[in-house]
Structure formats: structure tokens, C-alpha cells
Amino acid sequence: MPLLKVENLKTYYRVRGSWFSPAKYLRAVDDVSFELEAGETLGLVGESGCGKSTLGRTIIKLEKQSGGRVSIGGKDITDLTGTELRKARSGFQMIFQDPYGSLNPRMTVFSALDEVLSIHSKLAAPARAKRIVELLEMVGLSAEQMHRYPHQFSGGQRQRVGIARALAVGPGLIVADEPVSALDVSVQAQIINLLIEIQKKTNVAFLFIAHDLAVVEHISRRIMVMYLGKIVESGLSQEVTGNTRHPYTKALLSAVPVIDPVTRRSRIILPGDVPSPMNPPSGCPFHPRCPLAREKCRNEAPQLLPVKDGDAHLSACFFHDEVIKMG
Amino acid sequence: MAMLDVKDLSVDFLVEGRKLPAVSNASFSVEKGEILALVGESGCGKSVSCMALARLVPEPPGVYSGGSITFHHEDKTYDVLSLDKKNLREFRRHRISYIFQEPSASLNPVFRVGEQIAESIYLRGDVEDEATARKEIISVLKQVGIAEPEQKMLCYPHELSGGMQQRIMIAMALASKPDLLVADEPTTALDVTIQAQILELLREIRGKSGMSIILVTHNLGIVADMADNVVVMYAGHVVECATAKTIMQEPLHPYTRALISAVPRLQHQTEKLSTIPGNVPSPANYPGGCRFFGRCQLADTLTADKQALCISTIPEIQEKRKGHSCRCHYSK
């Protein structure tokens, strides 16, 4: 049984119309379904505004879903509220992008972690203190540093504190929203290695949201690519990057500047910007920017279907066979 | 003779009575039509070096405590650090333009983008009437790949997307027809597909107008893709200079090596990324010797008496091979 099961999840925001025009809906997440196993890392990539953060936040109930179901560890959490939801929260936690913004500047690391533990566990104060030291060691900080304030740490260290806070209650699932995007390259590598190491020790599952494909490919077993609120391709990492079956993924991959001149690909430059999710294009949402688009794409919306029968590699493109020949 | 020559430039900041070094003894040069990349992690002094090129570091708290910046244009020579007000203004107006990371923060939200571009055209001093200026705005907007320039010039910045705003910034920079464009992390705030568009545009502009570009970035992929030559900075020092190809394939300085191997790459199956242990030291506590000591893998392999040199003495930047210089006592 999968740890996380997401079925037809939708998050719409109502945007008020004027007196004469009716209210509109912004479809941030539009009918997304997927599963995630315990101890697995699933990468979620896409450009800004594609709905990847909203998807992550909706799953752990920081945003209200407009439809669909989410279950974690076999328990349906879609309609939980109040105390029940708070109890369930120890099963799923989040790591945020900006370690500066997500820690309270007036709380020491010790008090920040102690707060989480006193809400979610029944441990007494000395046991909590012991657990805090354990957690800090797990994320590579020393016990002497626990009475410091966030401003006394560097960006990488602060992100370590954020990770310790997410791990504190022993969750089965962590949604990591761009956890390394704000960090320098050398520090980024430290944090990625740390996340992989923690996963081996605790068997926690990560939903790893990022826009950097190389980072996502490195850390994830499977990847999902999102465009305008929909998943357009998903599959094993090597399959998605090596045997790409959606023109958008192909363009994303070709746009990543690479170091080795040997592997440099010919670049597919997409025209224009991502359309507004308020007025998504008809048919396939990617057709206005797609080099393969033709009449069918303008009229019909493609479904996310297996590339071959029974295959775990899914693509939402009518012409996914032609993608291999692109570029 | 290089167009821009920076020699032993040092910039310090006076903070609470203490002098904190931001850039120390930096030297590099830019030829006409060259793309030079300045790479390094946050706080290494790459942006301060760039701001110093037009003396844009505010004084105080900034202090230009040494070195020289020389700019040659035709038969004129500007010694930037000793220009008087009038000449400095002329230099900034005609020779150099900047684009920054966050286009929405660099554009004025209450003026239409066309008016903002017009300002840099009028400042050039050779256009007086509105009709000519308008023509030029439209042509420069076309140059940066904006469709329907007649309508787009009437937009306010908030009506445009991030990629479009960055194109407007580039248009403003181009409108003053500079010899040198300094692009400080121009694509860091943009998505990869938009980043690819903007980089392509910069390359095209260099090809057409022969403008030189200094590209400040922390992304080594962009460096490999765009730059002719590279300057690697660490903790205020220039640690390595060479052509982009040499830096990527045979880096000499242990920092450059570590930095390159810390980047995750597509379709490279590696179990563990190599990292640089520790953190970048802060300017208040720079070590007395080599500033990379303590994080350096090369130094770890040395005997204690060899390490003593790293601890006691700042290495000089030396040309180790032709056109390839490096600031390290022991790398060969």
C-alpha cells in the first residue's frame, strides 16, 4: 500500500469578478493523481506559477482542496479538522524554501524544536531535551549551538534547523518545497547529501519540489513534471530525463545550462511565457508554446496515459513518440 | 590594450569603526566584444567588484582603498577612481550600463516602460525631439525581442512578466549604447526556459553590436555556456582566471575544483555529491593566510610544515600556465 495516495486533487481559487462579470476560478492544481511509497523520493518540477507549491501545500492541508482525496498511511485526511487534523499532522511535515523566513527570529533553536515536541509528543521536558540534541546531531549541528538564535546561523545551518524541526515528530512524509534553491552551490550539495542520508536512516518519504532539474534528478527515484496545474509527464528519473516523452520536459531539459561541453544538447527555446492559469488555453495547455503542436492539440485535451501499455512512465501528449526525435 | 583594466582593486566597508574587506587586490581585464564571467558564492565580492567599475559603491560606508580601474575608449582613457564629478557622469552615461537580478526592483513602478527607456536615450545627449526618441524606443524594444513594441512601451512594469521586465532592463541598457554591459545575476530570478531566452538574447547582442559583457553569476552551467573568460572569486580574492574551457576542464585552484564537482549534473549517476566542508568565512574573520584554508582539500593532504605557509601567508596570484593564473601556494 502506498504511503501517500492523491486522487483527482483540485485546488481552485475564486477570483472575484466585477458587477457585470461573474466570478472566475484560478485552477492552481487541476485534477492531479499520484502515489508515493514509504522511503521514496518523488521530485516535482515545473516553472514558477505552475502550481507545484500549491500542490505540496494542499497535500499537507495548508491550503483547502476544492475536490479530490488525499490519504496518508492508509488514512483519509481530506476532511479532517481541528484536533484530529492536529494529531494527524505528526505524520506529515514540511521544509520551506526560505530558512530566514520560516524560523521565528525571537526563538532559539532549542525553543523552536521544543515547541514542536511539546505540541506533538507526550515527552516530559528532560526527554524532549535529549531528543533535541539527537535531532541536531542528525542534521549535523552540535548541541552547543542549540541556544542560539536564527540570525547567528548561516543560510545552510538555518536550513538544517528547518530540517530538524520537520523531523522532530518522526513523520512518514516530508514535503520539501525548494529546500535548496536559496543556498550556494557548495552548501546546496551538503544539504542534498544530508536529506539522502536522513532518508536512509529514518525511511521518511520526500515530495521534493524544485525547479532545478539536475538537483531533482539527483535526489529522486521518480519525477513528475507539472505545467499549468496539471501533471504532464511522470516516471522513473532516468526515464523522464533519458527517454523524455513530453515536449515541455524536453524543452526544460534543454534549457538547463550544463558544464560539460560533451553532453551539451541543442537548445529548444520556447516562445513566450507560461499562460495565466485564469484563462488556460483550449485543448492541450502547452500547445501555444509547443513546437510539435497541430490541429488536434488545439481542440482536445490529452490525458496522462502510460507511454506503453502497463508502463509506469506516463505522458500527457498525443504525439509522445515524436518527442524523442526533437532537438 | 584591453578595453577595461582592473589592477589590484581593493574595496573595504567601514562598519562600526572597523574596516571589513569586500574585495582585496582583484585584477582582471575585459577586451572589446568579450564575455567575461565573474563566478563565486554569495558574499565573495563579485557584485561589489562590478559596482566599483563605475564607482557605484556608496562612500561611505565603502572605501576604495587601493588599485586602479582603467577604461579605454578610442583614444580616450578614463581612470575611473580619480575622475572628477563631471567626467565620472560622462563615463557612466556613455561607457557602461548595468542590469540587475530583480528587474521588478530596478524599474520604476509609476512610469511607463517606454518613458523609462526614453530617459536613457535623452541622457545620451544626441536626441532632442520626441519623434526620434519614439522611433528609437521601438527599435530597441524590437532588438530585445518584444512583440508589438508600440503597445508594450505604454505598459507599466507590473503589467509585464518577469522575463519581459528583464528584456525592458536590457533595452534600457542598450539604449544608452554602452561599450560595456555589466549583467549582475540577470537570470537568477527567472525560470529556466525564460533564462534560456535571455541568455540567447545577450549572446545575440554581443554578436551584433560587439559590446563587451561582464556576466556575474553563481551558476557554473551559465558560465560554461556563455563566457569566453572566467574570473573565480572567493572571500574577496580573485582565486583563478582562465578561459572558460580551461576552467571547466582543468581547474587549478582547489576551490574551483570543489565548486565544479559540487554541481549536480543531469544523467550523471553519482551516489553522493562532493561538498566543500564548512562555510564561507565572514569578512570580519578572514584568516591571516589563504582564505580558503580550513575548507581546502589540497591543504588536507599536505604535511604540517607545508600547511604553515597556507596559514601564515596570503598566496599571490601567479600565472601558472600561459593565460591561466591561480592564487594558491601549492597547486600546479
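Residues are numbered from 1 along each chain as its sequence is written, and chains are lettered from A, with ligands numbered from 1, in the order in which they are written. Because the model is predicted, local features are given at pLDDT of at least 70 and side-chain atom pairs at pLDDT 80 or more, whereas totals for chains, interfaces and linings use all residues.

**Confidence.** The model has an ipTM of 0.78 and a pTM of 0.85.

**The contact between the chains.** Select the residues of each chain that touch the other; two residues are in contact if their C-beta atoms, placed from the backbone, lie within 7 Å. Chain A contributes 32 residues and chain B 34 residues. On the side of chain A, the elements giving two or more residues are α6 (185-202), α7 (213-219), α8 (237-242) and α9 (247-255). Helices (H or I, at least four residues) and strands (E, at least two) are DSSP runs numbered from the N terminus. The largest share, six residues, belongs to α6(A).

**A:V256.** Next, centre on A:V256, in the loop between α9 and α10 (295-299) of chain A. Is this residue buried or exposed? A:V256 is buried, because 22 C-beta neighbours lie inside 10 Å; the class requires 20 or more other C-beta atoms within 10 Å, exposed means 12 or fewer, and partly exposed lies in between, with C-beta atoms placed from the backbone. Leaving aside residues up to four places away in sequence, A:V256 touches A:L213 and A:A214, together with B:V192, B:G221 and B:L266. A:D212 is 44 residues away from A:V256 in sequence, yet their C-alpha atoms are 8.1 Å apart.

**The sheet of chain A.** Display the eight strands that form an open, mixed sheet in the order β6-β7-β8-β3-β9-β10-β12-β11. Strands pair if DSSP finds at least two bridges between them. β6 (92-95) and β11 (305-306) of chain A are the edges; each has a single partner strand, so one side of each lacks a neighbour in the sheet. Within the sheet, β9 (222-227) and β10 (230-236) of chain A run antiparallel and are joined by six bridges, with A:R222 partnered by A:L236.

**Helix α1 of chain A.** Select residues 52-59: this helix packs on the sheet and touches β3 (41-45), β7 (173-177), β8 (205-210) and β9 of chain A. Seven of the eight residues of α1(A) are buried, so the helix is largely enclosed by the rest of the structure; among them are A:L55, A:G56 and A:I59. After the helix comes A:K61, with a positive phi near 60 degrees.

**Strands of chain B.** Move to β6 (residues 96-99) of chain B, where B:I96 and B:Y98 on one side and B:S97 and B:I99 on the other are all buried. β6(B) runs parallel to β7 (residues 180-184) of chain B, joined by four bridges, and B:Y98 stands opposite B:V182. Then show the open antiparallel sheet β2-β1-β4-β5 of chain B. Its edge strands are β2 (18-30) and β5 (76-79). β1 (residues 4-15) and β4 (residues 62-73) of chain B pair over eight bridges, with B:K7 opposite B:S68.

Methods:
Axes fitted to C-alpha atoms, helices over the stretch in contact; angles between N-to-C directions.
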